[in-house]
Amino acid sequence: MHKIRSRIFIFILITALLLLGYHFLSLSQSFKKTNLGLTDKAQSVHNNKLLNSKKPFSILLLGTDTGDLNRTDKGRTDSMMLVTVNAQKRRTTLVSIPRDTMVAIPGLENTFPQKINSVYTFTNLKQTVSDVSHYLNVPINFAALVNMGGLIKMVDQVGGVQVKSPLNFSYNPYTAHDTGNDIYRFIKGSSTYYHSSDGTNWTEYQRMDGQAALAFTRMRYDDPLGDYGRTQRQRLVIQALLNKAKNPTVFLTSSFVNSLTSNVKTNLALNDFLLIAKNYATAKKHVQSYSIQGTSDWEDGVSFQVVSKTNQQAGTDEIRRALNIKPAVTGPALMGNSDSLIIPSDVAAILQR
């Protein structure tokens with residue numbers, strides 16, 4: 001499997017879980033605004049026992065392409081990551097699911113083919129969690145939905161980050177290219193970058209604010225490595241944030257917590273956060289990142305990633321191993337019921353690999 005491809009603010013949530021849980025006690029009213037209502041009483045009791053016993057747990061983190069850039073719609077879950085936190089092994093494992101993974105949405109198989117990032121758009125968060133759990137045959141204890149605005153506020157909260165760019169590129173977050181007026185220009189091998197609000201006059205900076213970090217981590221069309229190049233840049237920003245996290249007092253402010261709760265929806269209860277902060281702090285010692293690998297395929301002019309059974313099983317194996325549970329066969333190849341589907345021959349060949 002390859003290193004992870006995902007939007008950076010997803011990992012910031014994990015950093016917050018491991019560093020800041022106890023601080024939510026003084027902000028319980030703000031914290032209640034994040035509640036998703038996904039967990040019934042029995043599941044809540046189970047999760048509470050799990051965290052009290054310091055056993056590994058999992059969180060499905062979903063990053064939506066809304067919350068900034070004038071986007072206010074429901075959005076798609078363009079980042080999907082199953083995170084396991086294991087205090088015994090002092091390890092956090094992040095397994096990303098390619099957003100373009102071809103699926104048949106359970107109950108909506110007549111719309112096949114769809115991308116996995118549209119499951120949330122077509123249905124709701126509860127079904128998304130259930131479907132991903134079924135697809136990989138792994139337990140999911142918690143879920144969190146994060147929007148783009150979270151990255152901006154969180155980077156700004158720590159006073160910005162310094163990151164050396166691995167390549168030269170210019171990017172406008174509104175056009176997704178180097179066109180228009182609001183352009184950021186990054187320099188290979190340097191933390192210096194430039195910004196122009198009119199496309200003509202440029203200002204030099206040494207430290208990225210939230211808007212610059214968002215631009216730095218979103219560009220992919222002009223990267224020769226595509227999404228994998230974007231992954232590299234996201235990891236650089238993550239590392240810069242983790243360096244700031246070496247001093248927890250940077251985060252222990254009401255404004256930071258409020259910025260988190262206003263951009264995150266989760267079924268983690270306040271007590272869950274407290275238990276995570278108390279029992280799982282050592283899990284941030286080692287962070288392992290993987291991505292379930294797909295094969296590019298075009299159907300009716302639309303680009304998909306088709307995940308072979310072998311690669312799907314590898315993702316399942318990674319997650320179950322991280323959770324200290326016994327191996328099991330992965331879930332349905334296309335997530336939904338494929339009995340009535342007309343599957344293109346090239347897709348069928350990839351699935352069987």
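Contact here means heavy atoms within 4.5 Å. Helices (H or I, at least four residues) and strands (E, at least two) are DSSP runs, numbered from the N terminus. The model is a predicted one, in which local features need pLDDT of at least 70 and side-chain atom pairs count only at pLDDT 80 or more, while totals for chains, interfaces and linings use all residues. Residues are numbered from 1 along each chain as its sequence is written, and side-chain values use heavy atoms, with hydrogens and water left out.

**Helix α11**

Helix α11 covers residues 309–322. The expected span of a helix is 1.5 Å times one less than its number of residues. For the 14 residues of α11 this gives 20 Å, and the end C-alpha atoms are 20 Å apart, which agrees. N324, which follows α11, has a positive phi near 60 degrees.

A residue is called buried under 20% relative accessible area, exposed over 50%, and partly exposed in between (1.4 Å probe, protein chains only). In α11 the buried residues are Q312, Q313, G315, T316, E318, I319, R320 and A322. The buried residues of this helix pack against β2, β3, α5 and β12. I319 touches L82, T84, V95, L136 and V138, leaving aside residues up to four places away in sequence.

**Nonpolar cores**

A nonpolar core is a set of buried Ala, Val, Leu, Ile, Met, Phe, Trp, Tyr and Cys residues joined through side-chain atoms within 4.5 Å. In soluble globular proteins, nonpolar side chains tend to be buried together. The largest core has 25 residues, and I319 is among those with the most contacts inside it, along with L60, I97, I116, V132 and L136. At least two residues of this core come from each of β1 (57–64), β2 (77–86), α4 (119–122), α5 (125–136) and β6. Helix α5 gives the largest share, five residues. Another core, of 22 residues, lies apart from it and includes V163, A212, F216 and M219.

Two strands pair if DSSP finds at least two bridges between them. Six strands make up an open sheet of mixed pairing, in the order β11-β6-β1-β2-β3-β12. The edges are β11 (264–266) and β12 (286–291); each has a single partner strand, so one side of each lacks a neighbour in the sheet. From one strand to the next the twist averages 20 degrees, as the angle between axes, which are lines fitted to C-alpha atoms (for helices over the stretch in contact), with angles running from 0 to 180 degrees between N-to-C directions. Strand β6 (residues 142–146) runs antiparallel to β11, and three bridges join the two. A144 has T266 in β11 as its bridge partner.

**Two hairpins**

Strands β8 (residues 183–186) and β9 (residues 193–196) are antiparallel and joined by four bridges. The bridge partner of I183 in β9 is S196. These two strands form a hairpin with six residues between them, and G189 in the turn has a positive phi of about 75 degrees.

Strand β9 also pairs with β10 (residues 203–205), in the antiparallel sense and over three bridges. Here H195 is bridged to T203 in β10. The β9 and β10 hairpin has six residues between its strands, with G199 in the turn at a positive phi of about 80 degrees.

**Salt bridges**

A salt bridge is a side-chain nitrogen of Lys or Arg within 4 Å of a carboxyl oxygen of Asp or Glu. The structure holds four of them, and the table gives details for some.

| Pair | N to O distance |
|---|---|
| R99 and D100 | 3.9 Å |
| K115 and D100 | 3.3 Å |
| E318 and R321 | 3.0 Å |

R99 is buried, at 8% relative accessible area, and D100 is buried too, at 14%. K115 lies in strand β5 (residues 114–115) and D100 in the loop between β3 (91–96) and β4 (102–103), so their pair ties together parts that are 15 residues apart in sequence.

E318 and R321 are three residues apart in α11 and so are separated by about one helical turn. E318 is buried, with a relative accessible area of 10%, whereas R321 is partly exposed at 48%. Through shared partners, salt bridges join R99, D100 and K115 into one network.
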